[in-house]
Amino acid sequence: MVDDRLNAPDLLISDAVIKFENVHFSYADRPILRGVSFTVPKGKRVAIVGPSGAGKTTISRLLFRFYDPSSGAVRIDGQNVRDVTQASVRAAIGVVPQDTGMFNATIGNNIGYGKHDADQQAIETAARLAAIDGFISRLPDGYETKVGERGLKLSGGEKQRVAIARALLKRPSIFLFDEATSALDSQTEREIQASLDAVSKAQTTIVVAHRLSTIVDADEILVLAK
């Protein structure tokens with residue numbers, strides 16, 4: 001379990017530079033990361049690739065502070081994420097995951113989950129930037145349309161656009177795309193990838209990917225193996 005330090009301050013964002021410094025991490029007695037170091041400069045995109053089990057998603061979990069490293073440090077703008085509040089770290093990062101969690105509520109509510117105090121105008125702006133506003137406008141009840149249990153009334157591509165809208169609603173300093181298009185068909189993947197590229201332009205971004213086709217525009221590609 002990850003706890004905040006007593007009287008921990010909030011993370012202060014200036015350039016949104018991410019740095020992993022000699023990070024080691026194990027799940028129980030199974031080592032995953034062994035001395036991983038890299039930097040994501042301000043406004044750059046770094047992709048992380050490698051086989052299943054190599055530690056790609058672990059890196060995203062450490063950045064989001066679901067776990068703390070066994071040793072080493074994860075820093076944002078020089079601040080060790082262990083020394084600041086979890087809430088402030090997570091507020092600074094917009095995540096688009098592989099599998100988007102959906103609630104049996106309206107599509108507007110599902111987008112608004114990205115920021116609990118967002119008003120309708122902010123939700124609609126995020127939907128437009130995520131290129132899902134046209135789809136919503138064609139629904140019988142618009143933003144009040146129920147999406148069903150786990151979003152069963154939406155396609156995979158539509159769920160991913162909801163995830164993009166959620167992330168945008170936070171107005172994050174950092175984007176994290178965790179295999180965000182790996183479960184989609186090729187045509188939908190290209191469309192979603194174009195949306196991801198557009199919304200994260202000039203933002204500090206980490207892309208965890210299986211397919212090289214999704215990271216051709218990365219500034220740097222890191223390969224994890226063994």
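Reader: What is the volume of the largest cavity?
Author: The model is predicted, so local features need pLDDT of at least 70 and side-chain atom pairs count only at pLDDT 80 or more, while totals for chains, interfaces and linings use all residues. Residues are numbered from 1 along each chain as its sequence is written, and side-chain values use heavy atoms, with hydrogens and water left out. A cavity is a set of points, on a 1 Å grid over the protein atoms alone, where a 1.4 Å probe fits but cannot get out. With points joined across faces, edges and corners, and volume taken as the space filled by probe spheres set on them, the largest cavity has a volume of about 90 Å³.

Reader: Which element gives the most residues to the lining of the largest cavity?
Author: Lining residues have an atom within 4 Å of a point, and the largest cavity has 14 of them, with Glu179, Ala180, Thr181, Ala209 and Thr214 nearest its centre. Helices (H or I, at least four residues) and strands (E, at least two) are DSSP runs numbered from the N terminus. Two or more lining residues come from H7 and from strand E8 (204-208). The greatest contribution, 3 residues, is that of H7.

Reader: How far apart are the end C-alpha atoms of helix H7?
Author: Helix H7 covers residues 186-199, which is 14 residues. The expected span is 1.5 Å times one less than the number of residues. For H7 this gives 20 Å, and the end C-alpha atoms agree, being separated by 20 Å.

Reader: How many of the 14 residues of H6 are buried?
Author: The buried residues of H6 include Gly157, Arg161, Ile164 and Leu168. They pack against E6, helix H3 (107-112), H4, E7 and H7. H6 is mostly covered, and its buried residues number 11.

Reader: Which helix supplies the largest share of the lining of the largest pocket?
Author: A pocket is an open set of points with protein on both sides within 12 Å along at least five of seven lines, and the largest pocket holds about 340 Å³ of space. Its lining has 13 residues, with Val95, Tyr113, Gly114, Arg166 and Lys170 nearest the centre. The largest share, 3 residues, comes from helix H6.

Reader: Is Leu11 buried or exposed?
Author: Leu11 is placed in the segment before strand E1 (18-27). Leaving aside neighbours within four places in sequence, Leu11 is in contact (heavy atoms within 4.5 Å) with Ile76, Gln79, Val84, Ser88, Val89 and Ala92. Because its relative accessibility is 9%, Leu11 counts as buried.

Reader: Which residues does Ser60 touch, not counting those up to four places away in sequence?
Author: Ser60 is found in helix H1 (residues 56-63). With a relative accessible area of 6%, Ser60 is buried. The residues touched by Ser60 are Leu176 and Asp178.

How values were computed
Buried means under 20% relative accessible area, exposed over 50%, partly exposed in between (1.4 Å probe, protein chains only).
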